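Take your time and look up each residue as it is named.

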Amino acid sequence: TYYVIAISFGQNTEYWNSSLVNDGNTTKNAESAEGFETNELAETSLENFVRPYGISKGWNVTYSIDEV
């Protein structure tokens with residue numbers, strides 16, 4: 001079990017993977033997402049990096065943590 005950061009916009013959901021720079025740091029496949037060992041680590045990354053990154057890019061999205 002691991003945790004991934006889901007980024008939802010409208011009916012579409014993508015998943016955070018910081019190594020996918022050419023794809024805007026997201027993937028449509030949860031299995032290709034950046035995994036975190038605990039929900040707390042995923043939440044910390046979301047609050048300290050992913051959300052600020054999305055704001056800087058002008059994303060109008062919602063975020064969640066999914067267990068995979």
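Helices (H or I, at least four residues) and strands (E, at least two) are DSSP runs, numbered from the N terminus. Helix H1, for example, covers residues 39-57. Before going further, please keep in mind that this is a predicted model, in which local features need pLDDT of at least 70 and side-chain atom pairs count only at pLDDT 80 or more, while totals for chains, interfaces and linings use all residues. Residues are numbered from 1 along each chain as its sequence is written, and side-chain values use heavy atoms, with hydrogens and water left out.

**The overall picture**

Read from the N terminus, their order is β-β-β-α-β. The C-alpha trace spans about 30 × 25 × 25 Å along its principal axes. How does the radius of gyration of the protein chain fit a compact globule, and what is its value? The chain has 11 Å, which agrees with the value near 11 Å for a compact globule of 68 residues; this radius is taken over C-alpha atoms, and the globule rule is 2.2 Å times the number of residues to the power 0.38.

Of the 68 residues, 34% are buried. Here, buried means under 20% relative accessible area, exposed means over 50%, and partly exposed lies in between (1.4 Å probe, protein chains only). Contacts (heavy atoms within 4.5 Å) also tell us about the fold: among those between residues at least 6 apart in sequence, 57% join residues at least 24 apart.

**A salt bridge along the helix**

A salt bridge is a side-chain nitrogen of Lys or Arg within 4 Å of a carboxyl oxygen of Asp or Glu. How many are found in a search of the whole structure? There is one, and it joins the side chains of arginine 51 and glutamate 47, at 2.8 Å from N to O. Because these two residues are four apart in helix H1, about one helical turn separates them. Arginine 51 is partly exposed at 30% relative accessible area, and glutamate 47 is partly exposed at 36%.

**Aromatic rings that meet**

Rings of Phe, Tyr and Trp (its six-membered ring) pair if their centres lie within 6.5 Å; planes under 30 degrees apart count as stacked, over 60 as edge-to-face and the rest as tilted. The whole structure holds four aromatic pairs, including the two in this table.

| Pair | Centre distance | Plane angle | Type |
|---|---|---|---|
| Tryptophan 16 and phenylalanine 49 | 5.7 Å | 65° | edge-to-face |
| Tyrosine 53 and tryptophan 59 | 5.4 Å | 80° | edge-to-face |

Tryptophan 16 is buried, with a relative accessible area of 1%, whereas phenylalanine 49 is partly exposed at 45%. In the other pair, tyrosine 53 is buried at 18% and tryptophan 59 is partly exposed at 29%. Trp16, Phe49, Tyr53 and Trp59 together form one aromatic cluster.

Most residues other than glycine have a negative phi. Now look at asparagine 25: its phi is positive, about 65°, although it is not a glycine. Where is asparagine 25 placed? It sits in the loop between strand S2 (12-16) and strand S3 (26-27). Asparagine 25 counts as buried because its relative accessibility is 7%.
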